[in-house]
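User: Before looking at individual residues, I would like to know how the numbers discussed here should be read. Could you take me through the model step by step?

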Amino acid sequence: MRFKWFLIIGLFAVLLAACSQSEGASPGLSDAIKAFQDAGHTIDKEEKPLVSMVGAKDGVLFYVNNNPVKIYEYESGKSLKAEIKKGDFDFDSINGKLGLETNNEEAKEIFSKIK
């Protein structure tokens with residue numbers, strides 16, 4: 001009887017760990033900033049787009065070849081997709097819980113490789 005309980009508790013712990021890891025695997029704003037800095041771009045973390053206008057929790061605004069690049073971070077990929085479904089705006093690219101707004105192809109390429 002004790003073996004069954006240990007088995008059930010162990011299975012529950014494994015499922016709980018797997019669920020928490022899947023959400024944590026999504027890249028965050030700091031990962032995006034690091035990727036662009038590693039590519040040689042200067043980013044002022046204090047320069048922010050109007051995150052409240054798009055329902056994001058945080059964001060950063062910088063320039064690549066004189067083109068504005070806005071990256072928005074949401075609580076989760078689900079919350080990002082829910083904002084998009086409202087239809088007020090769309091992103092040029094999405095990576096997990098991050099949304100990219102830019103016309104710059106180099107920025108889109110860097111953003112797509114963020115892990």
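User: What is the relative accessible area of asparagine 66?

Analyst: This is a predicted model, in which local features need pLDDT of at least 70 and side-chain atom pairs count only at pLDDT 80 or more, whereas totals for chains, interfaces and linings use all residues. Residues are numbered from 1 along each chain as its sequence is written, and side-chain values use heavy atoms, with hydrogens and water left out. Asparagine 66 has its place in the loop between S1 and S2, where helices (H or I, at least four residues) and strands (E, at least two) are DSSP runs numbered from the N terminus. Buried means under 20% relative accessible area, exposed over 50% and partly exposed in between, with a 1.4 Å probe and protein chains only, so asparagine 66 is exposed at 74%.

User: What is the phi of asparagine 65, which is not a glycine?

Analyst: Most residues other than glycine have a negative phi. Asparagine 65 belongs to the loop between S1 and S2 and is exposed, its relative accessible area being 56%. Although not a glycine, asparagine 65 has a positive phi, of about 55°.

User: How many aromatic pairs does the count come to?

Analyst: Rings of Phe, Tyr and Trp (its six-membered ring) pair if their centres lie within 6.5 Å, and the pair counts as stacked with planes under 30 degrees apart, edge-to-face over 60 and tilted for the rest. By this rule, the number of aromatic pairs is 3.

User: How many residues apart are phenylalanine 36 and phenylalanine 62?

Analyst: The ring centres of phenylalanine 36 and phenylalanine 62 are 5.0 Å apart and their planes stand at 65°, so this pair is edge-to-face. Phenylalanine 36 lies in helix H2 (residues 29-38) and phenylalanine 62 in strand S1 (residues 58-64), and both are buried. The pair thus links distant parts of the chain, at a separation of 26 residues.

User: Which residues do ring pairs link into a cluster?

Analyst: Tyrosine 72 and phenylalanine 91 form a tilted aromatic pair, 5.7 Å centre to centre with 50° between the planes. Tyrosine 72 is in strand S2 (residues 67-73) and phenylalanine 91 in the loop between helix H3 (77-85) and S3, so the pair ties together parts that are 19 residues apart in sequence. Tyrosine 72 is buried at 4% relative accessibility, as is phenylalanine 91 at 8%. The cluster that ring pairs link consists of Tyr72, Tyr74 and Phe91.

User: Which element gives the most to the largest nonpolar core?

Analyst: A nonpolar core is a set of buried Ala, Val, Leu, Ile, Met, Phe, Trp, Tyr and Cys residues joined through side-chain atoms within 4.5 Å. The largest has 16 residues, of which Phe36, Val60, Phe62, Val69, Ile71 and Phe111 touch the most other members. At least two residues each come from H2, S1, S2, strand S4 (98-101) and helix H4 (105-112). With 4 residues, the element that gives the most is H2.

User: How far does the backbone oxygen of isoleucine 114 lie from a polar atom of the side chain of asparagine 95?

Analyst: Asparagine 95, in strand S3 (residues 93-95), counts as buried at 13% relative accessibility. Not counting residues up to four places away in sequence, asparagine 95 touches Ser26, Pro27, Phe111, Ser112 and Ile114, contact meaning heavy atoms within 4.5 Å. From a polar side-chain atom of asparagine 95 to the backbone oxygen of isoleucine 114, the distance is 2.9 Å.

Conventions: A polar contact is a pair of N or O atoms within 3.5 Å; within protein, one must be able to donate a hydrogen and the other to accept it, and residues adjacent in sequence count only if both atoms are side-chain atoms.
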